[in-house]
Amino acid sequence: MTETFKPGAWATDDPRDEPARLRDQIRHLRAQARNRPLIAEAQGILRERYRLPDAEAAFALLQLASQRHNVRLRTLAQAVARLERPEDGDGPWFPGRVRHPAPALESLAIDDASHAHRGAVLKAALSQTLAITTTHMGNVQIGDHSAGGLWMEKHAGLSDDFVDFFGFVGQEGTSCAQAAQQVTQVTVRDVATDPVFTEDARRTILEAGSRAAHSVPLVAGGRCVGMVSAHFERPIRDLHGAQLRALEHTGREVGRWLAWYDRTVVLDALEDLHAAARHPEARPARRR
C-alpha cells in the first residue's frame, strides 16, 4: 500500500469529470499534508534506531511493510512513533507475543474476520449504521489517543467542505467528540439548536445538508477506539430501542475487531519492518 500521489491518477477523457477529478486530487493532497508530520517523525525514529543513511531508506521500510500487510502508511507510522522501541539485538520486536483469533463480525456479515481488510470493515460498519438509521449520510472515524481526537476515514453522502472541516476532530465542539468522551451513543435532534457544537462546526454541518446526527462509539475494553455517525436531512426524535441496541452491538463488534487488528496485523507489519531493517541485504530498494 502506498499513499504517494501520482499525477494523472484520476485522468479522464470526459471533460465533465474534470471538476470531480480536481476535487479528489485536492482532497488527496490535503490528506498527504495532514499525514506528513507523523510519517516524518516515524522516518526519524527509524533512521536513528537502525542507523539508516537517510529518510528515503526509512520510508522504503515503511512502504514495504505497508504493502506486504495491507496496513495504511499512517497507521504504521503512528505505531512506530507511539510504541515502545524494540530491545537491542537480533530478537523480535515483540517477544512472547500471543496471537489471538479475530473477533467475529457477524453483524457485518463478514465470514472470515481474520483476513478482512480494515478499510472494508469500516465501510461495512458505515453501511450497517446507515441501514439501521435509514439515512444515506454518515462517516467513520478512528481514535488517536496520542493526538486526543478522531480522524475521519470513511464517509458517504457528505460534502467536500464537511470532509475537510471534520478530517480531524478534537475533544470538544462536536457530538462525536462528546460520544467519544462519554463512551456512549449521542443523538443530536436538531443541529441548528444543539449547544454541543461550535458555531463553525454547526455552520459546516448545516451547509452539508445535515439537520440531525447520531454517533455510535466503536468500543473495546471500555474505551472508544473509533466512531461511526449517521446524519439526517431533517430534525429527528430519539431512535427506537431496537435501533440503539443494534447500533451498540455493531459498535462493540467493530471496536473489538479494530483492537485485535492493532495488536495483531499492525504488530505483524512492525515485526516485518524490524526484520528487514536489521538485515541490510533484505532492505527494499529506494523509490525511483
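**Questions on helices, cores and salt bridges**

Me: Which residues of helix H3 are buried?
Reply: In this predicted model, a residue is called buried under 20% relative accessible area, exposed over 50% and partly exposed in between (1.4 Å probe, protein chains only). By that criterion H3 is mostly covered, with 9 of its 10 residues buried. These are Leu 73, Arg 74, Thr 75, Leu 76, Ala 77, Gln 78, Ala 79, Val 80 and Ala 81.

Me: What pattern does the protein chain follow along the sequence?
Reply: Residues are numbered from 1 along each chain as its sequence is written. Local features of the predicted model need pLDDT of at least 70, side-chain atom pairs count only at pLDDT 80 or more, totals for chains, interfaces and linings use all residues, and side-chain values use heavy atoms, with hydrogens and water left out. Helices (H or I, at least four residues) and strands (E, at least two) are DSSP runs numbered from the N terminus, and the chain has 8 helices and 6 strands. Read in sequence order, the pattern is α-α-α-α-β-β-α-β-α-β-α-β-β-α.

Me: Which residues does Leu 46 touch?
Reply: Leu 46 is among the residues that touch the most other members of the largest core. Contact here means heavy atoms within 4.5 Å. Not counting residues up to four places away in sequence, Leu 46 touches Arg 51, Leu 52, Ala 58, Leu 62, Val 80 and Leu 273.

Me: Are H4 and H8 roughly parallel or roughly antiparallel to each other?
Reply: Axes are lines fitted to C-alpha atoms, for helices over the stretch in contact, and angles run from 0 to 180 degrees between N-to-C directions. Angles under 35 degrees count as roughly parallel, over 145 as roughly antiparallel, 65 to 115 as roughly perpendicular and the rest as oblique. The axes of H4 and H8 come within 10 Å and cross at roughly 175 degrees. The two helices are therefore roughly antiparallel.

Me: How many charged residues does the contact of H4 with H8 have?
Reply: On H4 the contributors include Arg 118, Val 121, Ile 132 and Thr 133, while those on H8 include Gln 243, Leu 247, Trp 257 and Tyr 261. In the classification used, Ala, Val, Leu, Ile, Met, Phe, Trp, Tyr, Cys and Pro count as nonpolar, Asp, Glu, Lys and Arg as charged, and the others, Gly among them, as polar. The contact has 10 nonpolar residues and 5 polar ones. The number of charged residues is 1.

Me: What separates the C-alpha atoms of Ile 132 and Gln 243?
Reply: Ile 132 lies in helix H4 and counts as buried at 16% relative accessibility. Ile 132 touches Gln 243, Ala 246, Leu 247 and Thr 250, not counting residues up to four places away in sequence. Although Ile 132 and Gln 243 are 111 residues apart along the chain, their C-alpha atoms are separated by 6.2 Å.

Me: How far apart in sequence are the parts that Arg 99 and Asp 268 tie together?
Reply: A salt bridge is a side-chain nitrogen of Lys or Arg within 4 Å of a carboxyl oxygen of Asp or Glu, and a search of the whole structure finds 13. Arg 99 forms one with Asp 268, the closest N and O atoms being 2.6 Å apart. Arg 99 lies in the loop between H3 and H4 and Asp 268 in helix H8, so the pair ties together parts separated in sequence by 169 residues.

Me: Is Asp 190 buried or exposed?
Reply: The side chains of Asp 190 and Arg 211 meet in a salt bridge (3.0 Å, N to O). Arg 211 is partly exposed, with a relative accessible area of 29%. At 17% relative accessibility, Asp 190 counts as buried.

Note on methods. Core = buried A, V, L, I, M, F, W, Y, C linked by side-chain atoms within 4.5 Å.
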